[in-house]
Amino acid sequence: MLFISLSIAQDNIVQNIRVRRLQMEFIQEGLSERSGVPLSTLRKFEQKGSISLESFLKLLSVIGGLEEIVNALK
């Protein structure tokens, strides 16, 4: 049973990733370089929420949250 719609969850995830990026004082180009995620992919993610799982995990490995996601799915 869902308590939150998928689109709201997606929007919240995108916003949280963007906030973490800004808190770490990364511009999009910097996060792209550090994570290995193409800049166009990062921009598309921040605009539309669309990204592959691999790219999402690469972003989390740089800005934090990867272990939390893995542990939450146990």
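Just after helix α2, Gly 36 takes a positive phi of about 85 degrees. Helices here are DSSP runs of H or I with at least four residues, strands are runs of E with at least two, and both are numbered from the N terminus. The model is a predicted one, in which local features need pLDDT of at least 70, side-chain atom pairs count only at pLDDT 80 or more, and totals for chains, interfaces and linings use all residues. Residues are numbered from 1 along each chain as its sequence is written, and side-chain values use heavy atoms, with hydrogens and water left out.

Consider the whole chain next. The protein chain has five helices and zero strands, and along the sequence the pattern reads α-α-α-α-α. The C-alpha trace spans about 40 × 25 × 20 Å along its principal axes. The radius of gyration is taken over C-alpha atoms, and the globule rule is 2.2 Å times the number of residues to the power 0.38. For 74 residues a compact globule would have a radius of gyration near 11 Å, and the 12 Å of the protein chain agrees with this.

How much of the protein chain is buried? Buried residues make up 27% of the 74 residues. The word buried means under 20% relative accessible area, exposed means over 50%, and partly exposed lies in between (1.4 Å probe, protein chains only).

The inside can be described through its nonpolar core. Such a core is a set of buried Ala, Val, Leu, Ile, Met, Phe, Trp, Tyr and Cys residues joined through side-chain atoms within 4.5 Å. The largest one has 11 residues in all, among them Val 14, Phe 26, Val 37, Phe 45 and Ile 63. At least two residues of this core come from each of α1 (6-23), α3 (39-48) and α4 (53-63). Helix α4 gives the most to this core, with four residues.

Contact means heavy atoms within 4.5 Å. Of the contacts in the protein chain with a separation of 6 or more, 46% are between residues 24 or more positions apart. Val 37, a member of the core, is in contact with Ser 32, Leu 42, Ser 55, Lys 58 and Leu 59, leaving aside its neighbours within four places in sequence.

Helix α2 covers residues 28-35, and its buried residues are Gln 28, Gly 30, Leu 31, Ser 32 and Ser 35. What covers these buried residues includes α1, α3 and α4.

Arg 21 is placed in helix α1. Is Arg 21 buried or exposed? Arg 21 is buried, with a relative accessible area of 7%. Leaving aside its neighbours within four places in sequence, Arg 21 is in contact with Phe 26, Ile 27, Gln 28, Leu 31 and Glu 46. The C-alpha atoms of Arg 21 and Val 62 are separated by 9.2 Å, although these residues are 41 residues apart along the chain.

Glu 25 lies in the loop between α1 and α2, and its phi is near 60 degrees, a positive value in a residue other than glycine. Glu 25 is exposed, with a relative accessible area of 72%. Ser 52 lies in the loop between α3 and α4 and is partly exposed, at a relative accessible area of 39%. Ser 52 and Thr 41 are 11 residues apart along the chain, and their C-alpha atoms are separated by 8.9 Å.

Gly 65 lies in the loop between α4 and α5 (66-72). At 12% relative accessibility, Gly 65 counts as buried. Leaving aside its neighbours within four places in sequence, Gly 65 is in contact with Arg 20 and Leu 60. Gly 65 and Arg 20 are 45 residues apart along the chain, and 9.8 Å separates their C-alpha atoms.
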